[in-house]
Amino acid sequence: MEDSYISFDRENKVFHLHNKKISYLLKIEDNNVLNHLYFGKAIKHYSGNKSYPRRYRGFSGNVPGNPERGYSKDTLPQEYSSHGSMDYRIPASIIRRENGSNIHDLRYFDYKIEPGKPNLKGLPQSYVEADDEASTLIVTLKDRFQEIYIDMYYTIYHDRAVITRSVKVNNKTDQAIALEKIASMQLDLTNNGVYDQVVSLPGAHMHERQINREDINSGIRSFQSRRGESSHQMNSFIALANHDTSEFAGPAIGLNFVYSGNHDFELEKDQIDQLRVLVGINPYNFSWNLDPGETFQTPEVIMVYSDNGFNDMSNTYHHLLRERVARGGYKLKQRPIVINNWEATFFDFTDEKIEKIVDEAANLGIEMFVLDDGWFGHRNTDNSSLGDWFEYKHKLLKGLKGMSDYVHQKGMKFGLWFEPEMISVDSKLYREHPDYLMQEPNREPSPSRDQFVLDMGRQEVRQNVEKQMTKLLDSVDIDYVKWDMNRNMSDVYSLALNKHNQGEASHRYILGVYELMDHLTTKYKNILWEGCSGGGGRFDAGLLYYMPQSWTSDNTDAVERMKIQYGTSLAYPISSMTAHVSAVPNQQTGRVTPLKTRGDVAMSGVLGYELDLTKLTADEKSEIKRQVSQYKKVRQLVQYGDYIRLKSPFESNIASWMFVNTEKTDVLMFVGRILSSGQPVFHEIFLKGLNPEYQYQDVDTGKTYYGDELMNLGIYIPDFNGDFQSKIYHFKKI
Ligand code: GLA
């Protein structure tokens, strides 16, 4: 059945997904080959007159059943490709059958249109709250000779420039098949001069999501993770753009993979400069056995289109991810201002020391205390006790309950750190269950931070961790949990799997983690859950489904944070980015920045503190008090307003961004200057997204400006004195 957002033109055999912003067109070509026609700005109606040209190209052979020389799968833009049928570009799927063959030829088989969005069982995903928010097209492809079916899901949100994609394989043969590669989506673009660049978010631990923009050249380029998580090194997001696309103009297609494991974004510019893009689980070290009658559902990709540059693309992601991916009690709630003891004490704390920090925090107006690593087992350094999620009695003499009570009596909330997926050899858990550690028997596994990964693909392992965590969460009043993961996977081998199924181990691990997260975050809905992996090693849309915020980076240096947060904002909302003010010289960089700048940068995310408050001078205390009270006034705007990048710290000495509410009456703008100079240039900033007719008042100076003045004339940034300076402007409509 068709609906008003998805139509099927029977004459031209064209499916059209459309709303006021975007259109997506696919066509059943001759011999049922499924052709990609278009993804971009909305078109009212496709009349059927722009068909892909036919032309004979040497060595690009033809479609079985149709020997026409000009018709080749090697050049035709398609919706989903297979291996082995004369398409030499990178295939979306490689499926091996029992006879050893991996030759398949996928053809259109059937379609269905459904209201709403189907649930992808066991996976994180975007969702709808009512069926009239979205419509879904399911197009089924089938191999020409085998009963192997691929259902391709396309969901269009009615009011957003968003299409989500995933596929489900259905083995209706009477033999097992092995999925060696199964991308979640393919996007074949013609050589029309539009998408000639790609933006990715590479990085490293303490250096996450640096913006990288490059030309797309002939051949294959891949952006991937092989580390068992979405990774610090290459985030699970890319954007396609034109070389002219800017923050405010030009086309951009964002591809955000809702998955926290090994991912692969592959790009191939082919022999006639057309582009194929694939996104999916990384086929590296992956293979999935599918018995007769079984299905395999891939994770989803959220595709966003913008014809107004990157800011508009980011804005679409920010809204969708916080409104229709994040869940739980804190999804749209203001997030509390945290004091975390990690950089203040590391492992070296006592009840008494913590109580002193809590006392100070309460005086400063901070709202939650988070006890980080070191409260469990007998953990005094990072080489023991992971897996032992019971309190370390010799360290916390009053116990966790005593600490939680103390914090609550001070009118604050209490949070606790866990690292549920890990095991130390020096732990009770290891002594009792050495086999829980993921490794191949009789081979010494590789250590990292002196710790090892639990095989979360095994139910008994998950249950053990769940039981321990539940016991604590049920007996101590805990308002927040930080879920950390401090190493990457190696020795990927599971005792739960036989020798033919070992290729499933890393995906099963992720599915296991998702299941455990689902149990805990749905049972304890009112806890604020924060993801973390050595900072931002698992900062992805998958995690966001379970935890509405994540520790952005272990790097708390204000200057480096400008870039990390700016890069992160390309794909993720501000409400998901936690940002803490820490002590100077900074622990990671040794840099000394003003407390004001540290506050301004952290206030541009979900603000918190991570330093020993008992060591502050009176001036520092009053500055923090001021920051806390300022943040409380602007927190709704920062966390849930529209965020606009104005000046990139990747391109100059200046960083600037702003927040504006939907009514355009409340505006916050950050400007930071990194290095000073003897003869500084007079930089101007031009605000965006205001109402040109409104008159705005600078809350600090009382000066007034019309919206069009702030946007067109702009303002000069302050004549800062010294390195690493910043200012936050607050304008309100009068
Ligand atoms: C990771 C986190 C830090 C801290 C430490 C504790 O590195 O990112 O914030 O929790 O672990 O070991």
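An oxygen atom of the ligand lies 2.6 Å from a side-chain N or O atom of aspartate 372 in this predicted model, a polar contact being a pair of N or O atoms within 3.5 Å, where a pair within protein also needs one atom able to donate a hydrogen and the other to accept it, and residues adjacent in sequence count only if both atoms are side-chain atoms. For lysine 482, the distance from a side-chain N or O atom to a ligand oxygen is 2.7 Å, and for tryptophan 417 it is 3.0 Å. The protein covers 97% of the 300 Å² of accessible area that the ligand has on its own (Shrake-Rupley method, 1.4 Å probe; for residues, only the protein chains shown count as cover).

The ligand is surrounded by 13 residues, of which Asp372, Asp373, Lys482, Gly535 and Asp554 are the closest (a residue is near a molecule or strand if one of its heavy atoms lies within 4 Å of it). This shell comprises six charged, four nonpolar and three polar residues (Asp, Glu, Lys and Arg count as charged; Ala, Val, Leu, Ile, Met, Phe, Trp, Tyr, Cys and Pro as nonpolar; the others, Gly among them, as polar).

Residues are numbered from 1 along each chain as its sequence is written. Local features of the predicted model need pLDDT of at least 70 and side-chain atom pairs count only at pLDDT 80 or more, whereas totals for chains, interfaces and linings use all residues; side-chain values use heavy atoms, with hydrogens and water left out.

An open antiparallel sheet is formed by six strands in the order β31-β32-β33-β38-β35-β36 (strands are DSSP runs of E, at least two residues, and helices runs of H or I, at least four, numbered from the N terminus; two strands pair if DSSP finds at least two bridges between them). Strands β31 (642-647) and β36 (704-706) are the edges, each with a single partner strand, so one side of each has no neighbour in the sheet. Antiparallel pairing of β35 (residues 695-698) with β36 involves three bridges; tyrosine 696 has tyrosine 705 of β36 as its bridge partner.

Glutamate 214 belongs to strand β12 (residues 212-215). Beyond its neighbours within four places in sequence, glutamate 214 contacts Asp196, Gln197, Val198, Arg221 and Phe223 (contact means heavy atoms within 4.5 Å). The side chains of glutamate 214 and arginine 221 are joined by a polar contact of 2.5 Å. Glutamate 214 and proline 299, 85 residues apart in sequence, are separated by 27 Å from C-alpha to C-alpha.
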